[in-house]
Amino acid sequence: MVSTTIRRTLIAAAALAGLAGCAALRDAVRRYAGANWAPLPVPESSEALDRARLVLNRAAYGPAPGDLARALDTGIRGWIESQLADEGSDSPAVSLRIAGLETVEGATDAPDRFASLSDAQLMDELQRAVIVRAVYSQAQLREVMADFWTNHFNIYALKADGRVLLPVFIETALRPHVLGNFREMLLATARSPAMLAYLDNQRNRRGVANENYARELMELHTVGVHGGYSQSDIRVLARALTGWTVAEGFSRGQFRFDRALHDIEAKRAPFLDLILPPDGDQTEAESAISRLAEHPATGRYLARKLCVRFLGHAPEKVLSAAANAYASSDCAIRPMLRPILLDALASRGDVRPSLKRPFDFVVSALRALGADTDGGPSIQTRLAEMGQPLYQWPMPDGFPDRTAAWTGSLLPRWNFALDLCSGKLDGVTVRPLEAPLADGDRTPLRAPSAIVSALLGRSPDDPIARSIAATIQEGLQSSRADRSNLKDVVANTAGLTLCASAFQWRG
Amino acid sequence: MAAHLSRRELLTGTALAAALAASDPRQMALASVAAVPERRQDRVLVTLFLRGGADGLSIVPPVADPEYHRLRPTLSLASPQDRSAPRAARAIPLDDYFGLNPALRSIERLYRDGLLAVLHAVGSGDRTRSHFEAMAVMERGLAGSTEGPSGGWLARAVTADDEGGVSPLRALAFTETMPDILRGASGATVIRSLTDFRLHGDLETARTLQALYGMDPAGDADLGLLQAGRGSLRVMDAIAALHPAAYRPSGGAVYPPGPLGDGLRQTACLIKGRLGLEAAFLDATGWDTHVAQGRDSGWLPARLAELGQGLDAFTRDLGAEIGRVTGVVMTEFGRRAYENSGLGTDHGRGSCMFLFGAGVAGGKVHAAWPGLAPGALEPPGDLAVTTDYRRPLYEAVRRTLGATAAAAAFPDYTHTPIGVVSA
């Protein structure tokens with residue numbers, strides 16, 4: 001663990017390095033930033049290792065070198081507690097890499113400043129930021145939750161001004177709240193130009209109201225499609241939201257309530273227990289949104305989704321514990337996570353298999369290798385080939401998180417893994433994996449077992465690790481490649497290990 | 001290790017050994033065409049799903065219905081005979097009641113040639129008007145609620161008769177992710193580009209991968225993943241034999257740029273390559289037209305022009321092969337009968353459907369038209385569904401994949417003939 005002083009120094013150094021382009025300093029920081037790759041610790045029990053690996057694959061983007069050792073050291077519950085505490089600042093390894101991204105640094109409440117950037121730069125920067133944060137942040141749970149909410153409140157970057165509006169949405173509406181209060185996050189997304197534009201509420205005016213946002217607000221963002229509302233509740237909510245729009249002119253790109261466009265008739269929404277007298281204003285929709293956040297169906301809907309994300313399904317006991325925690329904590333997200341992570345996940349109880357989405361797969365591979373990446377186009381294109389081009393899911397439900405949605409596209413994953421480990425991806429450096437091997441393992445014959453074990457986070461005696469290592473060994477025997485070249489053997493083994501089914505699971 | 005490899009997968013292994021002995025072992029083709037087992041059928045079902053709820057009332061406008069013009073003061077298309085309207089805003093006549101959106105002019109010839117049938121007021125029983133519920137119902141072949149079998153109807157159809165050799169290319173999705181409609185079809189694969197569907201590694205790497213995906217599964221979920229992996233390797237083999245990079249469309253076909261045109265072109269390439277494709281699934285987004293959808297120009301007409309150009313190119317490219325291909329164009333629901341104040345339309349119920357190709361009773365609009373009068377609309381104001389979407393689908397599946405497949409695809413459905421696709 002890095003002391004606060006060192007961290008501050010490194011952040012300052014990173015900023016300097018970014019500004020001055022001082023290569024030596026940048027290298028120094030980067031050396032620190034990429035943790036040293038190391039063989040797995042031998043834990044006291046394989047059960048402890050299995051539990052730590054499961055937790056790091058679900059509440060984090062998989063173990064980076066040294067992570068399992070640290071988690072075993074503090075105890076896995078201790079690790080979860082520290083992640084829930086979430087100190088807030090970005091790790092130096094992150095700060096270094098996002099320093100200079102205009103979409104991160106300049107994302108205040110004036111999205112219009114990004115209108116002058118090219119579409120290509122906006123898309124590149126948006127993706128770089130999310131990749132780099134997921135790979136290098138010490139606050140892994142925060143990044144997992146950022147991904148969760150980004151999909152929950154999905155916005156399609158290629159619709160209308162999406163690219164221009166997304167940076168502010170991500171930095172100010174979502175990220176400050178990912179472990180905070182759901183009602184505040186919901187209200188922030190409701191007032192965000194990105195959401196108002198994406199779901200057409202900026203064109204919602206009195207007369208025949210536009211239902212798009214009102215519908216998804218209930219169906220996807222809060223109570224869920226079976227939450228109990230009627231088609232008429234949707235129309236009333238849509239009418240309450242008339243006039244919620246995006247400003248033009250001087251404050252272009254900012255939220256604006258336009259009274260002239262607001263439906264001032266009286267409204268009744270039985271589902272929300274709301275009776276709104278005539279001549280209402282912006283507060284009509286604000287109270288409706290608050291009530292939606294506080295609705296018991298919302299607690300259950302969110303709890304179910306979180307259970308599925310972390311446990312692979314939603315056992316009723318955990319689901320209701322999470323929903324109750326949400327209800328009794330005034331919509332707080334952390335208390336909802338506690339039963340899911342500390343009681344269910346940490347005990348490795350009722351947990352079902354869950355396939356990594358391409359983003360999780362890519363990030364976990366980069367982390368497992370301790371790779372150095374800027375999250376640039378070489379990674380972004382591969383994610384698109386695997387079916388997960390970031391911020392480019394057109395429908396408002398976000399990328400699917402069902403195993404069945406992703407099993408049909410393994411080939412692009414394999415190509416990524418093979419290219420990554422043979423150094424063919426621009427902007428990505430994988431340090432020689434043979435260097436940190438123990439002396440006894442530094443032979444072409446012994447290395448595969450050590451590499452497989454380290455990359456999968458499984459003990460060399462684990463049956464899955466053993467059988468994968470044996471299969472790779474067998475392949476190497478019949479290969480025409482130079483089997484005496486340790487470097488080749490190691491790179492080949494690493495690539496194939498990341499291709500194996502065992503590495504595709506959040507397990 | 002090989003305990004979970006079936007007989008047909010071992011076929012690939014044999015070919016692999018032969019390939020290993022070949023003079024150029026760096027050649028990426030893992031196995032030759034000989035490894036692709038015999039096809040069960042030579043008919044193909046092509047399903048194109050318009051995601052977002054395509055506006056049936058704009059695609060196939062009921063121009064003779066006065067209510068249509070009243071409900072859509074700015075969006076309605078004029079009747080073909082309406083000389084007072086600009087020519088561009090007049091629908092193409094389909095019969096004396098319905099017209100075709102002028103942006104679809106490129107497929108008018110299919111209709112006139114009897115290769116295209118139009119259905120209207122089609123849909124499911126879903127009343128949530130949620131994209132995701134309605135799509136789940138339709139992709140899973142259910143009546144109206146998502147209670148029911150979780151697999152997709154196309155998956156059930158292609159796997160209904162799993163005896164005998166099955167081509168690795170029997171079921172493909174040209175989509176971003178595996179769609180629900182093919183969920184449960186072992187070996188079904190997502191393809192974005194045929195030419196890129198190859199492994200970045202040498203033959204030994206491919207062999208080791210095959211062995212890694214032939215390992216004992218670590219549970220049911222892992223078994224599914226291992227099967228999918230072996231499926232991908234076999235698809236890769238088969239596609240390598242097709243030389244997709246050299247493919248040139250014929251019949252003067254010009255596909256529109258973009259994923260829809262690419263998907264259709266690659267589907268045609270596979271069909272003509274006769275590698276055992278039985279079901280291709282494609283989708284297109286951009287149909288959720290809540291604002292400014294446009295009448296004869298703008299967003300929706302642009303989508304329709306792309307769709308029309310794609311179907312026109314696809315059918316031209318197939319040439320005589322269209323005789324073994326039946327296609328469906330469908331959407332999860334239609335849109336509200338009246339327009340909103342943003343010149344768009346909100347989620348509704350009934351929409352239209354296209355069937356084209358072999359066996360189709362084309363040149364006709366098949367509709368039990370409920371009308372758009374206030375009493376006929378389904379509250380809060382939607383075109384009622386009078387034809388269960390499974391009626392035409394059942395007939396399309398029966399023709400292409402067989403009667404057993406049709407029965408398996410829609411388990412809780414009793415077929416009432418509609419006569420839109422012959423057996």
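Let me start with the contact. This is a predicted model, and between chain A and chain B there are 25 residue pairs in polar contact, both residues being at pLDDT 80 or more.

The size of an interface is often given as the accessible area lost when the parts come together. For chain A and chain B, the buried area is about 4,800 Å², and carbon and sulfur atoms give 62% of that.

The count of salt bridges between chain A and chain B is two. One of them joins the side chains of Glu211(A) and Arg336(B), at 2.6 Å from N to O.

Now confidence. Chain A has a mean pLDDT of 89, with 89% of its residues reaching 70 or more. For chain B the mean pLDDT is 89, and 89% of its residues reach 70 or more. Where is pLDDT under 50 in chain A? It stays under 50 over residues 1-35 of chain A, a stretch for which the model has 33 contacts beyond four places in sequence. In chain B, pLDDT stays under 50 over residues 1-40, and there the model has 75 contacts beyond four places in sequence. Where pLDDT is low, the predicted coordinates should not be read in detail.

A word on chain B by itself. Chain B has 12 helices and 11 strands. Of its 423 residues, 62% are buried. Among contacts in chain B with a separation of 6 or more, 73% are between residues 24 or more positions apart.

Next, the backbone. Most residues other than glycine have a negative phi, and most peptide bonds are trans. Which bond in chain B is cis? A cis peptide bond joins Pro379(B) and Pro380(B), with omega at about 5°. Pro380(B) is in the loop between β10 (364-366) and β11 (387-388) of chain B.

Asp330(A) has a phi of about 60°, and Ala292(B) has a phi of about 40°. Asp330(A) is in the loop between α17 (316-328) and α18 (333-345) of chain A. Ala292(B) is in the loop between β7 (279-284) and α10 (299-318) of chain B. Are these residues buried, exposed or in between? Asp330(A) has 42% relative accessibility, so it counts as partly exposed. Ala292(B) has 39% relative accessibility, so it too counts as partly exposed.

Last, Ser422(A). This residue lies in the loop between α21 and β6 (428-429) of chain A. Ser422(A) has a relative accessible area of 39%, and is therefore partly exposed. Its C-alpha atom is 8.5 Å from that of Asp488(A), although Ser422(A) and Asp488(A) are 66 residues apart along the chain.

That is what I have; I will take questions.

Conventions. Residues numbered from 1 in each chain as written. Chains lettered and ligands numbered in written order. Heavy atoms only, no water. Buried area = accessible area lost by both parts, 1.4 Å probe. Salt bridge = Lys/Arg side-chain N within 4 Å of Asp/Glu carboxyl O. Polar contact = N/O pair within 3.5 Å; in protein donor to acceptor, adjacent residues only side chain to side chain. pLDDT = per-residue confidence, 0-100. Contact = heavy atoms within 4.5 Å. Helix = DSSP H or I, 4+ residues; strand = E, 2+ residues; numbered from the N terminus. Buried < 20%, exposed > 50% of the residue type's maximum accessible area, 1.4 Å probe, protein only.
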